[in-house]
Amino acid sequence: MTRKSHAIADRMALLDASGIRKVFDLAAKLTDPINLSIGQPDFDVPPAVKQAAIDAIRAGKNKYTQTQGTEELRADLAEACCKEFGWRDPYRGAVFGERGYLVTSGTSGALMLALLTLVNPGDEVVFMDPYFVMYAHLVNLCGGTCVLVSTYDDFRPDIDRLASAITDRTRLLIINSPSNPTGAVYTEGELRQIADVAARRDLLVVSDEIYNLFCYDFPYVSMVSVYDNTLLMRGFSKSYAMTGWRIGWCTGPAAILEKMTMLQQYSFVCAPSMAQEAARVAMHADMSAEVAAYKKKRDMVAEALGGSMGLVTPAGAFYAFCPAPGGDATAFVSKAIASNVLIIPGNVFSSRDTHFRLSYATSDDKLARGLEVLVKLAKG
Ligand code: PLP
């Protein structure tokens, strides 16, 4: 019997992990599966970055830092923004006025602080379908309403659909390029069209760019370089394999960043001190070999699933979102798991269950074996 003192707050009923839990329950029964479900790189943290964290610990940098992040890291981030976005003043951006910076506990931390800071109960938050699951759960937790804009079947942003999803109640637009789970990367032209739609209503755009380094076919363009009223979020988890170090960052309008910082003070307090030191080194690490290896894996996936299964070639991140044979992702995923290959059904990331997500963040050998099984299963 549940004790009254252990009763759970109503808001927790808004969270649901049943889809992904079912997959992991099935997976737990497998011994040594070909795991194509993992959302983190299979390479390791660069040695210099590890050393920087060790040095920081040895040098006694083990205490709380300033809530907003160390001066040094924030200055480095501001300088990097100037370089990438052509800003002359890191604290003013292009046109928007005062800009702030906040170092967070992962990009997840930035997302949580931003949504708690910005979304009132009843507000609508617009994002593309398929989407990164955390968006829906955080919006729900804030009492907001998720408004999904379908990007099926090619995962390009449909500007008319986007424009008609925006109402007087829209508070925010979240975009995620390169995307989890589709691997779609928006072109500069598409970003400009999104910016036009947002500008008509002076909407703030949250741009989750955690996969920015993984862009294979053309130079990456950030939303913030075409639309100044952007809360830009990036992280170190994926680019430098630092998922366990819990460090990310955010820059945007100073008034919003100030409130997010206050909330961080009363929640996470600060990002891990040694990870902040290591992040300063990570920013300058050369990851081109790792990115080239992932491009090769992307090509393997596109070749195996492109023709036979109708996969739209993803241009970034390390995911492919592929039509499930027969249009029933859950059924196909069950078959794949029965054949020892772990993938995730689309309904975990979408209002539809017609596709499955495959992560190619694994060895070439495992990937090749996994793809072979999937293609064979699809042929029936
Ligand atoms: N955003 C997207 C699109 C992601 O896929 C993830 C992790 O999978 C995150 C944010 C959170 O990353 P972290 O909190 O590790 O920085």
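Modeller: A residue is called buried at under 20% relative accessible area, exposed at over 50% and partly exposed in between, with a 1.4 Å probe and protein chains only. In this predicted model, local features need pLDDT of at least 70 and side-chain atom pairs count only at pLDDT 80 or more, whereas totals for chains, interfaces and linings use all residues. Residues are numbered from 1 along each chain as its sequence is written, and side-chain values use heavy atoms, with hydrogens and water left out.

Colleague: With those classes in hand, is Asp158 buried, partly exposed or exposed?

Modeller: Asp158 counts as partly exposed, because its relative accessible area is 27%. Its side chain meets that of Arg161 in a salt bridge, at 3.6 Å from N to O, and Arg161 is also partly exposed, since its relative accessible area is 37%.

Colleague: How many salt bridges does the structure hold?

Modeller: Side chains of opposite charge can pair when their charged atoms come close; the criterion is a side-chain nitrogen of Lys or Arg within 4 Å of a carboxyl oxygen of Asp or Glu. By that criterion the structure holds 19 salt bridges.

Colleague: Which residue forms a salt bridge with Arg234?

Modeller: The partner of Arg234 is Glu84, and the closest N and O atoms of the two are 2.9 Å apart. Arg234 belongs to strand β7 and Glu84 to helix α3 (residues 71–85), so this pair ties together parts that are 150 residues apart in sequence. Helices (H or I, at least four residues) and strands (E, at least two) are DSSP runs, numbered from the N terminus. The two partners fall into separate accessibility classes: Arg234 is buried, because its relative accessibility is 5%, while Glu84 is partly exposed at 40%.

Colleague: What separates Arg192 and Glu188 in helix α7?

Modeller: These two residues of helix α7 (residues 188–200) are four residues apart, which means that Arg192 and Glu188 are separated by about one helical turn. Their side chains meet in a salt bridge of 2.7 Å, N to O. Arg192 is partly exposed at 41% relative accessibility, and Glu188 is partly exposed with a relative accessible area of 36%.

Colleague: What order do the seven strands of the open sheet have?

Modeller: Two strands pair if DSSP finds at least two bridges between them. In this open sheet the order is β2-β8-β7-β6-β5-β3-β4, with mixed pairing. The strands β2 (99–104) and β4 (145–150) stand at the edges with a single partner strand each, so one side of each is left without a neighbour in the sheet. Further in, β6 (residues 204–208) and β7 (residues 230–235) run parallel and are joined by four bridges; Ser207 stands opposite Leu232 in β7.

Colleague: How many disulfides does the structure hold?

Modeller: A disulfide is a pair of cysteine sulfur atoms within 2.5 Å, and the structure holds zero of them. For Cys81 the closest cysteine sulfur is that of Cys82, at 7.2 Å, which is too far for a bond. Cys142 is likewise in no disulfide, with the nearest cysteine sulfur, in Cys146, 9.8 Å away. Both residues are covered: Cys81 is buried with a relative accessible area of 2%, and Cys142 is buried at 11% relative accessibility.

Colleague: How far apart in space and in sequence are Arg21 and Val348?

Modeller: Arg21 and Val348 are 9.9 Å apart in space, C-alpha to C-alpha, and 327 residues apart in sequence. Arg21 has its place in helix α1 and is partly exposed, with a relative accessible area of 48%.
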